[in-house]
Amino acid sequence: MPAFLARMPAAARDYSACSGCSLCLLVCPMWRSRHDPGFSPEGLAKALQCGATAAALAPPLDACSLCGACDAVCPERIDLSGMIMDLRRRLANSPLPDVPRPALPDDLHSRLQQGAPATAPVAPRSAPVLLPGPALRADAALLAQVQALLGIAVFDDDGDDIALAIEVGVVIPPLRLQSFLDSLRGHSIVAADGLLLRQLRRWLAGSQRMGLGAALSTRAAVRSNLGAGDLYVIEPRAFHADYERMVGFYDRLQRETGCSFNLDLQRIAIPAVAPGMAQNPGFAAGDEVQAKWILQGRSPARIVVESLADRAVFGRVCDLPVVHVAELGVDPQMMKEFRHAFG
Amino acid sequence: MRSVDVVIVGASLAAAAAAKRLVDAGLETIVIERKELPRHKICSGILSPRGHRFLLENFGPLPSETVHQPTSCRGVTFHFPSMVSMPMDFFGGSTPHLHRKYSDHWAIQRSGAEVHDRTSFAGLEDKGDHVVVQASRNGEPVEYRARQVIGADGPSSPVVRAVYPGYAKQIPWFFVGQKFHDIIDCPLSADYFHFWFHPGLGHYTWSHARDGRQIVGVGFKRGDNFARKHEVVQRYLEEKHGVRLQPAADDHEGCAENFGPSLINRYVFGKGNVLATGQAAGFLNMIGEGMSCALHSGAISGEAVVEARRRNRPVQEVYRRMIASEVRRCTDQWNPLKIAFDKPHEADFPAALMQLGWRDRAKVLRDMWRFIVLFKEFNWGRQIVSGALQRPVIGGYSMQRWL
Amino acid sequence: MIPRVEPGTVGPCPVAADALQGIKRQQTNPARWNGAGWQAFADAVRAAGVELAEGAIACGVYLTDAGGTAYGLPHGVVIARSAAQISVLLKAAQAHRVPLTVRGGGLTTEGESVAFGGVLLDMTGMSRVLAIDAAALTVRTEAGIYWHSLAEELRRENLDYLSAPLNLTSSVGGTLGVGGIDVNSARLGCSADQALSLQVVTPTGDIVECSDDENAELFQRVILGYGQFGIITEATLRLRPYTPLSMHYYYYSSLRTAIEDLQMLDSNDASDYSGILTIMDCAVNLLVAFDSGEREAAFRKNWASRLRGFGEFGFALSMAGHYALRPWKFREALYLLQRKREVFPEFRRTEYMRDGKMHDRSVVFSRAVWKHWGSRNMVIPDLATPADRFIEAVERGNAVCRKYFRHYTLYCVGIRLRPDHGPHYEMSCIPPAAQGWAYGCEFEPMIEGGVYSRDHFQSFKNAIYDIGVDLGASYYRFGGMMKGYIRRVFGDELVDRHLAMKRRADPAMILNRDVIF
């Protein structure tokens, strides 16, 4: 196709482009739980068009889980989660006395100031590295399985302070960010944190990046253990951060394995947990509405999750076996158990 | 200092239309008007059907005090020195004969805006994110702070002069005056607005009935003598058309008019947060009807303010992009190619022309040409031709020529 | 000196009887309600436990509708939560004479869901599916729900609604109130036809269940009633088993031929889905689709050969020939190519296709519509006519489009009429003279980032609507039944009869009062 026929890919647009189609409401977990347009990306954009300040929008800003579903459906290509993160930054940096703010971990600022301890590089440049994030780090056995499956080294500085800062709107000191990005440059990256992955896509344009779940599900050992009885729960942030590519990727996975997904009719990933910011820093239990909605009308034999938070919530709402996608690839016992079950 | 979203200068139809759009969108709007309302307004009052529809759709059916007698006008009759007359009915039927004193007051009240009358505009200062408007009420200075200011204050607009001090000197000015006569005998149909394409009478010569009297109006380049011009026309009407009138009553009136801008696409839309609209921007339909384009351009100025805020864009940029459709409609009426091959007016001139015999048709065209030659001194010819040629190429008129 | 204009009345005209020929003396872009009694009303509903939001930000979200040409700011907003809450609200509104405007998806184009002052009731707060009866093939749902949200729930049971607007964010209640068409409407009727029964809160605050058997008169007025006779809070709808679609596209260079073929297919029940989408005047797409292999096979055997359209390849060849002979029209050709490149893949995205069949058509269509036709101004005037006047209506409308916009799309579809639903259709989107089928065409300008004044859009729409007055047509889909046209189309006698009913049902004339009367 000659270049002059192709329209330039439009740059991401801001709130002012919102024309009020409400498509983002359909995929927004915030809206789903409240049915109040004020709690939706569209509501925020419209409020900004009417001159609202960040402080006036604090409740929806805190309630958003940054799942990124809205970005994928917006026909005007507005960077909606970018808009929300930006508003959170404004809110965090100009606190008003009468707007209650969620408490942040005490050490976040000091961690951001200090940065990670300088250590010898774990892997030669261009080798793939894993940014596991705190939850996976805490589960040593699973982390080992992930590493074995992917044949990958854990990167010492996995930027969990940066990921948290992005989420809660704390400004990242440029030095800290620079050293983090410099150390990553040249590596291909597998990141468990979808939000960090999304930002890395901007910060390290041209680098190879993948979400942990997608990386694991490329492994033959994993794929061969997925079957029609599996409900595979995609981690939404990583999925929506690279939506066009990921929707095709998982579609092929579905054709190959027959598993089903937590996708809605628009092929948007339904988050199993959608905690707002207030709960997030401590990863407290969110409500279970989302997970129940994923399961409604479905009867899978097993649930496969990409994210550890999802494993916890499905463990609570159903008594089906719930496994992490990494566990599919390596546990011979489980393989034996399920192979006959899935034919 | 009162702080509002928008200040509109002038309480005319353009102001009412702008105010309606702003108030609907929830913006706090103040209209300031020099005179006490309801105020007198010099105008023939013959609104075009498009303007009538706008009034109806946006302000509701007209109350009876907003129209003069006869309450309506069926169309326009052109008269030529060769004594050919061409009556043409408006598309869509008769059109109101507005009593501007009451119609404007009614519209501005229906708009829902807050009106400060007896408040004359004295100057403004655009501070980038807001404008400070200075005015005086009963001799006392008052100030307003507004995000935007809309100048809907007529042809010799003080707002435009505040923004572009040199503008008034750049365009030719006309004086248009009308005198009111009691009728002894008038064969001119009271259902029509009569217009003379006669270079000997003046640049703009008209007559129609109002409230039992006959208006005799003349327009000419500023500097000439109203009384003498009027006398010539009155004598002409008596000799050629048998119109016998009493001497004019002493309530004659006149005002300055700017014909040029819409003719040669030289509108002035303001600067920064200050918008000019209606006749202040230069909108005037052919045959001097300015009300319908004032209503529409006024509405667009209001829409542009609303849109610019919601879209976080500079208001001038939004206004100029939105006003292009009204510019097309208005300037098309003066565009010779459009007149020849399209129907830019609200009455069908080509059809009326074709109804004449070929001899009369030739006379009409000759007389029109002689009339046009009267305007030669303004050197508009080349600008009109270039405008007419660019119209089909770029689908409109160049925005580069606007101030 | 400003005379008060009672809602619904047509004022006297002091100008002349022949001024604005045919146009009724009614203000169609309403004045803002003056706010008299608002505070007492607000106190009363709050005291009754109704959450009422005020302020520029809460209300600003509702400033305009999808049409983007009418603007209005409510005094306050209530998000619907239950029929009981709405009943309280309506009783207070009736007592304090506060206008109440109901909004679902807000997809109206003439400001019907814009509140010009008063209270706005956002129905999307009532979005739960209450019960699905897979055996009886019915669903009971709250009426504020978006069709898409309903589809999400139904699909988990492998069910589908009969027909719904090709737009994910139109609401069930809003659609039942105005019509709604789908590419299967030529077989299954307009979307409002699938309603079996409703729970309605009347303008005076009574909660009433109604259907063709129970409170039939109310049911007939509320269905396709433009929100005048009550607020639909729950609806029972007919369902069908979900099936993916196999799609066929035929291309025409003549609109007339395509319409003739469309009508031929419809009257012979030759397809399950049919519709026309134009790209340009000389590039017209007839879409035909099937729910089952048998229907598809029967079509191939009996009807496919009678269609005069080309396949994609054949049409590309014929267009190539056309433009090779007319090189000065290269811009048109480029536009065609560009549209093909942008829009076609949207209908063939692999994640929606399985074994050559399209899944989730409404998602595919709606996403494409918003992406390629949507903008801040959904300016989509439409005409619905009896079958025999359809071609004329489309051709005249097409000429209007050409005058106002560089590029535009026409979307035509048949609407099967249910003979037993005659009373529902009175004074509605269904043209009174239609027998068997009505045909609808919407005229969609491609805004393409352009900025137009509202007057430009309004004059375009008026020019289309005027054709409807001329042809005895009606207006469908988004509820483009604007106040300025209803009397012109249906005549004073019918409108006054409905107005009298409205006055009885809603003495203070508070419910959606600026929509049609």
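Reply: Start with the domains. Chain A is divided into domain 1 (11-93), domain 2 (108-215) and domain 3 (219-342). Keep in mind that this is a predicted model. The centres of domain 1 and domain 2 of chain A, taken over C-alpha atoms, are separated by 27 Å. Their contact draws eight residues from domain 1 of chain A and eight residues from domain 2 of chain A. On the domain 1 side of that contact, four residues are nonpolar, two are polar and two are charged.

Now the chain behind these domains. Chain A has 343 residues, and 50% of them count as buried. Its secondary structure comes to 20 helices and eight strands. Take the contacts in chain A with a separation of 6 or more: residues 24 or more positions apart account for 70% of them.

Next, chain B against chain C. The contact takes 38 residues from chain B and 32 residues from chain C. Several elements of chain B give two or more residues to the side that touches chain C. The helices among them are H1 (13-24), H2 (49-59), H3 (100-111), H8 (291-311) and H9 (315-332) of chain B. Strands S3 (67-73) and S6 (95-98) of chain B are also on that list. H2(B) gives the most, with seven residues. By class, this side of chain B has 16 nonpolar, 15 polar and seven charged residues.

Chain B also has cis peptide bonds to look at. Most residues other than glycine have a negative phi, and most peptide bonds are trans. One cis bond runs from B:Leu37 to B:Pro38, with omega near -5 degrees. B:Pro38 is found in the loop between strand S2 (29-32) and H2 of chain B. Another cis bond joins B:Gln69 and B:Pro70, with omega about -15 degrees. B:Pro70 is found in strand S3 of chain B.

Chain C has positive phi values in residues other than glycine. Phi of C:Arg97 is near 55 degrees. C:Arg97 is found in the loop between helix H3 (83-96) and strand S2 (100-103) of chain C. It has 15 other C-beta atoms within 10 Å, so C:Arg97 counts as partly exposed. Phi of C:Asp269 is near 50 degrees, again a positive value. C:Asp269 lies in the loop between helix H8 (255-267) and strand S11 (273-280) of chain C. C:Asp269 is partly exposed because it has 13 C-beta neighbours inside 10 Å. The cut-offs explain both calls: a residue is buried at 20 or more such neighbours, exposed at 12 or fewer, and partly exposed in between.

Last, a helix pair in chain C. Two packed helices are described by the angle between their axes and the distance between the axes. The axes of helix H16 (residues 483-490) and helix H17 (residues 492-505) of chain C come within 6 Å and cross at roughly 120 degrees. That angle makes H16(C) oblique to H17(C). H16(C) makes the contact through C:Ile486, C:Arg487 and C:Phe490, while H17(C) uses C:Asp492, C:Leu494 and C:Val495. By class, this contact has four nonpolar, no polar and two charged residues.

Conventions
Residues numbered from 1 in each chain as written. Chains lettered and ligands numbered in written order. Predicted model: local features only at pLDDT ≥ 70, side-chain atom pairs only at ≥ 80, totals over all residues. Contact = placed C-beta atoms within 7 Å. Helix = DSSP H or I, 4+ residues; strand = E, 2+ residues; numbered from the N terminus. Nonpolar A, V, L, I, M, F, W, Y, C, P; charged D, E, K, R; others polar. Axes fitted to C-alpha atoms, helices over the stretch in contact; angles between N-to-C directions. Parallel < 35°, antiparallel > 145°, perpendicular 65-115°, else oblique. Domains from an automatic or database assignment.
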